[in-house]
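Student: Could you take one part of this model and go through it closely, in one connected account? I would like each term to come with its cut-offs.

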Amino acid sequence: MSLPAIAEKDFQDTVRSRGMLILVALFSLLVAVFAYVFAPPGEQFATEFLLSAAVGPFLVTTLVPLVGVVVGYNAVSGERESGSLKLLLSLPHSRADVVFGKVVGRGAALSLAVFSGFLLPALVLLALSQLGYIEAFNIGSYLGYTVFAAVLGVVFVAIAVGCSAAATTQRQALIGGVAIYVLFVMLWGAITGQFLGAAADAGLINPLPVSQQQISVFLQVANPITGVELLSNAFLSGQLFSGEAVNQQISAVSMLVFWTIAPPLAGLWKFDADDL
Amino acid sequence: MTAIELRGVTKEFADVTAVRGLDLTVEEGEVYGFLGPNGAGKSTTIDMVLDLVRPTEGTVRVLDQDATADGVSIRQRTGVLPDGFAVYDRLTGRQHVEFAIRSKEADDDPDALLDRVELLGDADRKAGGYSKGMRQRLALAMALAGDPDLIILDEPSSGLDPAGAKEMREIVRAEADRGATVFFSSHILEQVEAVCDRVGILREGELVAEDSVEGLREAVGGEETLEIAIDGGDADGANDAAVDAVRDLDGVSRVDRDGDALVVSCADGAKTRVIGALEDAGVAVADFHTREASLEDLFLAYTEGDAPGADGGDPDERAGEEPEEVNR
């Protein structure tokens with residue numbers, strides 16, 4: 001079992017890239033800007049509002065997936081093109097160890113970046129609330145939300161690594177990475193809507209024991225971005241795994257697990273059969 | 001036990017057959033030199049041994065295990081210096097070696113391995129700043145981790161200066177003395193002569209010769225090269241006739257004309273007859289000397305196809321057919 005060795009090496013390699021530093025700085029800066037803009041002096045400071053109304057839609061759901069794709073898309077194809085994959089596979093690693101070790105290593109590196117990026121503004125906010133400049137800063141909600149942001153990043157790392165394993169060249173991997181981002185961030189609703197409409201027109205929905213509305217909701221939640229949004233908002237309003245929407249939340253969690261495992265497996269299937 | 005065993009191995013890529021019907025056996029404990037010009041299929045063969053590339057036909061067994069099915073367990077006991085590899089630019093030399101040790105679940109001291117390849121002084125530098133030769137030595141240190149039973153070196157001397165190449169040979173010797181099997185490829189015969197027990201020569205994906213270096217030299221056998229300076233004053237017609245006369249002599253395998261010089265490849269005893277034939281034809285021999293077939297000649301004889309045992313065939317048939325570069 002050499003997966004941990006690869007994960008650790010890849011983690012070390014990734015956190016040493018200059019991009020990581022830029023990433024942490026960018027997260028910190030943006031969170032700080034949102035905190036400043038959305039917390040007018042003298043009014044009540046609402047941590048939950050800051051996160052669900054500002055940081056969530058503007059930062060987490062657009063930037064985190066992008067970063068996940070950027071961190072993951074060259075994981076395997078980059079090593080394949082440079083030749084370091086030869087060094088890696090001359091050691092006793094299976095190709096499955098390589099693909100999943102990369103998911104773990106780069107997922108951990110991205111999580112570290114997200115945590116550090118959110119932590120710096122959190123310290124400032126905490127200090128301000130201690131000094132009485134703002135109303136109580138809810139550090140629990142803030143840290144919990146950070147976990148959801150990191151989960152979303154890891155899911156996109158996994159999808160991008162899977163794509164990278166399947167790609168023969170860096171160019172293919174790059175195109176795949178862009179396609180992933182465009183699909184999930186921009187086109188998911190339109191594509192699944194078209195698909196569902198066509199299925200309904202063809203009479204494929206009526207025989208099923210679920211309504212078109214239910215399928216539509218499921219398809220929305222199947223997008224990891226919507227899934228994480230749903231879960232994090234439930235968390236912030238204290239309704240995680242309780243209340244009426246618990247089924248939706250379970251669907252969202254299952255789909256996040258699916259997106260973390262299935263793309264790397266599919267990529268491995270191709271990678272394992274390739275001549276390198 | 002055999003260290004490497006290929007039976008009827010063929011590898012076809014979309015555009016070229018890199019290896020065809022290759023049978024190759026490397027016994028445990030020997031140092032085997034795998035020779036051939038660039039594009040002969042050496043790297044493809046090694047890639048199949050390492051399971052980077054899967055054969056189209058035939059079986060590849062390494063350390064008595066199947067190369068594809070048992071790849072991880074094989075590489076647990078194998079050290080590899082790959083060809084055309086890259087290092088991890090952002091990790092230090094020591095981190096590379098530590099990674100190799102950890103991957104092989106070995107307990108080597110990273111510093112001892114780095115010292116052995118004379119890289120200890122640069123161990124804490126990032127490998128991205130290493131020269132080609134330093135990267136080569138770093139990969140060798142990684143290959144030596146865990147005292148492997150089989151060491152595979154693909155073009156190990158590339159990027160090394162003469163001193164580095166000598167150190168490489170000493171390490172190969174030391175590993176062989178420890179009992180390891182060493183299999184290494186090269187396109188330069190001199191490099192293998194000093195260390196190899198046995199040599200195999202690959203040409204266009206086929207093994208054309210396999211023997212000790214002395215055995216190969218004997219097989220090409222007593223061939224000598226005569227360099228003869230002839231008097232340029234004669235009319236061209238006379239010289240051409242003389243060349244034809246020499247070519248017809250018994251024991252002469254090849255005559256090349258280069259202005260006023262003739263280069264004649266002939267059997268040991270044919271020297272006097274060559275000179276005699278030239279003088280009979282009315283050509284004045286100004287000067288001549290012989291040179292023994294160098295290793296390079298020997299290698300070229302096998303790889304260009306006019307040596308005994310080099311699967312015959314008309315050399316003209318292959319004229320202009322450059323071996324294709326197979327690079328994957």
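**A strand and its two partners**

Tutor: In chain B, Leu153(B) is placed opposite Phe184(B), a residue of strand β8(B). Because this is a predicted model, local features are given at pLDDT of at least 70 and side-chain atom pairs count only at pLDDT 80 or more, whereas totals for chains, interfaces and linings use all residues. Residues are numbered from 1 along each chain as its sequence is written, while chains are lettered from A and ligands numbered from 1 in the order in which they are written.

Strands (E, at least two residues) and helices (H or I, at least four) are DSSP runs, numbered from the N terminus. Strand β7(B), residues 150–154, runs parallel to β8(B) and is joined to it by five bridges; two strands pair if DSSP finds at least two bridges between them. Strand β3(B), residues 31–35, also runs parallel to β8(B), again with five bridges, and here Phe34(B) stands opposite Ser185(B).

The path from β7(B) to β8(B) includes helix α6(B), residues 162–178, and the three make a right-handed β-α-β unit, meaning that, with the strands pointing away from the viewer, the path from the first strand over the helix to the second runs clockwise.

A residue is buried if 20 or more other C-beta atoms, placed from the backbone, lie within 10 Å of its own, exposed if 12 or fewer, and partly exposed in between. Thr181(B), Phe183(B) and Ser185(B) point one way from the strand, Val182(B), Phe184(B) and Ser186(B) point the other way, and all are buried.
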